[in-house]
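Welcome, and please load the model in your viewer.

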Amino acid sequence: MTKKKIVLLGAGLVGKAIALDLANDFDITVHDKDGGKLLNLQNERIKTVKTNLSERQSMISAIQDADIVIGALPGFMGHQTMRTAIECGKDIIDISFLPEDPADLNELAYRNNVTAVYDCGVAPGMGNILLACHSLDMEVSDYTCYVGGLPFIREWPFEYKAVFSPIDVIEEYTRPARFIVNGDMVIKEALSDAEHIYFEECGTLEAWNSDGLRSLMKSFRIRNMIEKTLRYPGCVEYLKVLREAGFFSYDEVEVNGNIIRPIDLTAKLLFPKWQLRPGEEDFTIMKVIISGMENGQKLTYHYTLFDRFDKKTNTTSMARTTGYTCTAAVNLVLNEMFTKKGVFPPEELGLTKSNAEFIIDYLKNRNVIYKLKVEKN
């Protein structure tokens, strides 16, 4: 049987994990403009092509033979990537944290008979899927998600390392946080309402408001919903200083006759500091709390994920937890377990219980385990 063809756009750390996970069962080709990243993917099962994906025609050429496309590019390229794939009639699963609302591409996708799923990572992603699955049997009243990816070794000054585009990370520190309180939307600045939370697996972390609910605020009418990002204690203060000083600004400034955006300079300076060194271990911590009425009883479901760097495969935890959610969704679409046409958030996958269970089992088979505790209230 001829293997189905997957085209992966983006060969970063998450893209690498995606490619390696799918290479056994599919014909996969990875495109990226960074030849160094492609060299890290040298494998007899994976084809690599150096491609400038910021050029539309180059992207069209890259995906023309694909049965499905995976978008693993920086967020600012995400919307155009989805549009191009849809215009070419290609199904797409995307993990970029795109700032635009992909729902504006829904009609185009439906007309072109395309299935497109966005935000298909860990958070947003798995949290959405878990909530959707419980909404089938429960009248959900409260949803809380705490999530973060951190290096095991805390090193001054940042005590942080990133596996995503640095500009995408900085977006979390600048984009206003939207959440729901008593049925009403509340908007606060990012990094607000900091609190310390103790986790048995990794100690005390600092949680603060971030804009991670995204599509969930439209998909569900839930009285209270919030997501908070987790970092090591102390990060909020220095991030606020950088933000207020203008280092995260997109407004151009003149420096010695040169016009620059402060955000570009900041990203350029921070990226080397935030890169994980070869073999440096990270972990992902996530806690999802879902409460409501089910069969006449008040129940609270506590899901906890604590995932570590995989020494055997040399794969970062954030790449595993994000990438394998994406590859599970790819399998759902290619195996015709999810066939709806249009543009969908990840919670749409969880609205079919068998699909949610497939994704949870898929992750479990890769040792990404969401532990569940049920509390009767």
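**Stop one: a buried pair**

Select Asp307, which is buried at a relative accessible area of 3% (buried means under 20% relative accessible area, exposed over 50%, partly exposed in between, with a 1.4 Å probe and protein chains only). Before moving on, a note on the model: it is predicted, so local features need pLDDT of at least 70 and side-chain atom pairs count only at pLDDT 80 or more, while totals for chains, interfaces and linings use all residues. Residues are numbered from 1 along each chain as its sequence is written, and side-chain values use heavy atoms, with hydrogens and water left out.

Arg320 lies in helix H11 (residues 317-334) and Asp307 in strand S16 (residues 297-308), so the pair ties together parts that are 13 residues apart in sequence. Helices (H or I, at least four residues) and strands (E, at least two) are DSSP runs, numbered from the N terminus. Arg320 is buried as well, with a relative accessible area of 3%.

**Stop two: another salt bridge**

Select Asp211 and Arg178, where a salt bridge joins the side chains at 2.9 Å, N to O. Asp211 sits in the loop between strand S11 (203-209) and helix H8 (216-219), and Arg178 in strand S8 (residues 177-181), so this contact links parts that are 33 residues apart in sequence. Which of the two is buried? Asp211 is, at 7%, whereas Arg178 is partly exposed at 29%.

**Stop three: a network**

Next, select Glu155, Lys161, Arg277 and Glu280, which a network of salt bridges links. Within this group, the closest N and O atoms of Lys161 and Glu155 are 3.8 Å apart. Lys161 is buried at 11% relative accessibility, and Glu155 is partly exposed at 29%. A search of the whole structure finds 26 salt bridges.

**Stop four: backbone details**

Most residues other than glycine have a negative phi, and most peptide bonds are trans. Select Trp156 and Pro157: the peptide bond between them is cis, with omega about 10°. Pro157 is in the loop between strand S7 (139-151) and helix H7 (166-174). Glu159 lies in the loop between S7 and H7, and its phi is positive, near 50°.

Finish at Asn256, also with a positive phi near 50°, in the loop between strand S13 (253-255) and strand S14 (258-260). Asn256 is exposed, at 74% relative accessible area.

Notes: Salt bridge = Lys/Arg side-chain N within 4 Å of Asp/Glu carboxyl O.
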